[in-house]
Amino acid sequence: MRTLQLEFYKIRRRKVWLSMFAMLGVQLLWGLWAMRNPKDWELASGWMSLLYSLSVLDGVMMPTIMSLLASRLADIEHKGNTYKQLRTLRPAASLYQAKALCGLIILVVLLAFQAAVFILYGYCLGYEGNPDPRYYLLSYGLKFASCLSLFLLQLLLSMLFANQMIPLVVGLGGSMVALLIMFVSHYSFLPWGGNLSASVVGMDWDENSRIITYFYREYSPAEIAAVVCIFVWVAVFYLAGRILFTRREV
Amino acid sequence: MTALYKTIMAERIKLRRSPVWLAFFCLPLISAFFGTNNYRMNQEILQSEWLSLWTQHSLFLCFLFMPALIGTYCSYLWRLEHLRNNWNSFLTAPVSHFALYFGKLFQGVLMTILGNVWVFFLYFICGKLCGLNTPVPKAALSWFLFGTLGGIVVCCIQLTLSLWIRSFAIPIGIALAGGIGGMLITNKGLGCFYPYSLYAIGMRANNPNMELPAGQFLSGCVVFILSCCAISVWKLKRGES
């Protein structure tokens, strides 16, 4: 607990919250711009389209945002060359856990804020009815797991490599892979495709009428496996990071 | 002139054996692979051969990933000085502040040019692999030249930001945000006044008519490049960053 408190103390003036909310602000602007001036048929299925748009936006942006967050948390130690000192004060595993937990708390707040702002925007646009809490909570949970897996992957890389270019390029590459997966599939077993697999809404575009129909997804066995895979990635990245960091020479 | 050459060589020594160039190799490769795949899957709709292939290759690379990639490289260039006490030795080198900045700028611009050469090489190879037998459009040379100029603008902006901001990650976040903003601003027709749009405009990404307002574009590039150089040199002259 004390190590966790110290993590928040370390980032006090590093504007981590500000940078994360700024990235979220860009995502919001993109989303608001994409969803402006809805047509009647869009208003009818607005709450579903909102969930779909969010999963697309997150799919593209979250790998990079998570790499920025992890880099901000880990780079303090690289810059100050503090690993040696910290290892003499606390077990390496507890330092890793504290960083992971710190990122997790930031992520919970960030995603809750994102959901709140988009729901508010939905009401402002005049979407019909109310958001279905069951699907919105499920979507939040799955998205959180997916972003957590990405964050843990990035944290692992950011803590292992002093050269932060490597984890950030992996984050950028992840965004690119996620974007390109969208063109070929709506689920993926790769960690960067987690936000797509986690989407609880699917869509069908009619080429002739140019109308999009949204529907709550009924998961096929392969899609369920892809969702389960998100949790597997969380466990794998957490354990791998913990083991590699603990055994690393500092 | 000797001072400029010396700073360039010094920067080269700092970057020797650093794998940073790998990023410029790998990311365009991913983009080209998926872009080509998408083109092949929709070949019955995308009938303009090389032009259609270019739309698939360039759209997301130009707006989203290349600015962030250039930003990553620029962040790395200044990170070498931001670490420990390197500013002391950097600023006390017996060369002018402009020469110090020029060394960094040269490396950034060189990597931007090489990155763009690689993007176009992949475009050519992928076109041949897709079975396009017609010659590559001559306009591709103009896309390359103007695109590279736009890339240099992004490079200058990012060098200035990375000089100013000590964090490695924040300027990259700004580049990503800038690229996304570029999509929206270009859509409004104001792209030539926004630095992160210039690369995509020069490359004619998401531009079905492949037109370019050359006058506006060139003036935008010159203004941004000169302003960023002036601000960066001024910042260096002010002392330790």
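Q: How many bridges join strand S1 of chain A to strand S2 of chain A, and do they run parallel or antiparallel?
A: Strand S1 (residues 201–206) and strand S2 (residues 211–216) of chain A run antiparallel, joined by 6 bridges. Strands pair if DSSP finds at least two bridges between them. Helices (H or I, at least four residues) and strands (E, at least two) are DSSP runs, numbered from the N terminus.

Q: Before we go on, what should I know about the model and its numbering?
A: This is a predicted model: local features need pLDDT of at least 70 and side-chain atom pairs count only at pLDDT 80 or more, while totals for chains, interfaces and linings use all residues. Residues are numbered from 1 along each chain as its sequence is written, and chains are lettered from A and ligands numbered from 1 in the order in which they are written.

Q: OK, back to the strands. Which residue stands opposite A:Gly202 in S2(A)?
A: That's A:Phe215. Also, A:Trp205 has A:Ile212 in S2(A) as its bridge partner.

Q: And what's in the turn between S1(A) and S2(A)?
A: The two strands form a hairpin with 4 residues between them, and A:Arg210 in that turn has a positive phi of about 55 degrees.

Q: Switching to chain B: at what angle do H3 and H8 cross?
A: The axes of H3(B) (residues 50–82) and H8(B) (residues 195–203) cross at roughly 155 degrees and come within 9 Å. Axes are lines fitted to C-alpha atoms, for helices over the stretch in contact, with angles from 0 to 180 degrees between N-to-C directions. That makes H3(B) roughly antiparallel to H8(B) (angles over 145 degrees count as that).

Q: Which residues meet there?
A: From H3(B), B:Ser58, B:Cys62, B:Phe63, B:Met66 and B:Pro67 meet B:Tyr196, B:Tyr199, B:Ala200 and B:Met203 of H8(B). Contact means that C-beta atoms, placed from the backbone, lie within 7 Å. By class, the contact has 8 nonpolar, 1 polar and no charged residues. Ala, Val, Leu, Ile, Met, Phe, Trp, Tyr, Cys and Pro count as nonpolar, Asp, Glu, Lys and Arg as charged, and the others, Gly among them, as polar.

Q: How many residues of chain B are in contact with chain A?
A: 25 residues of chain B are in contact with 22 residues of chain A. H7(B) gives the most to that side of chain B, with 8 residues. By class, this side has 20 nonpolar, 5 polar and no charged residues.

Notes: Parallel < 35°, antiparallel > 145°, perpendicular 65-115°, else oblique. Contact = placed C-beta atoms within 7 Å.
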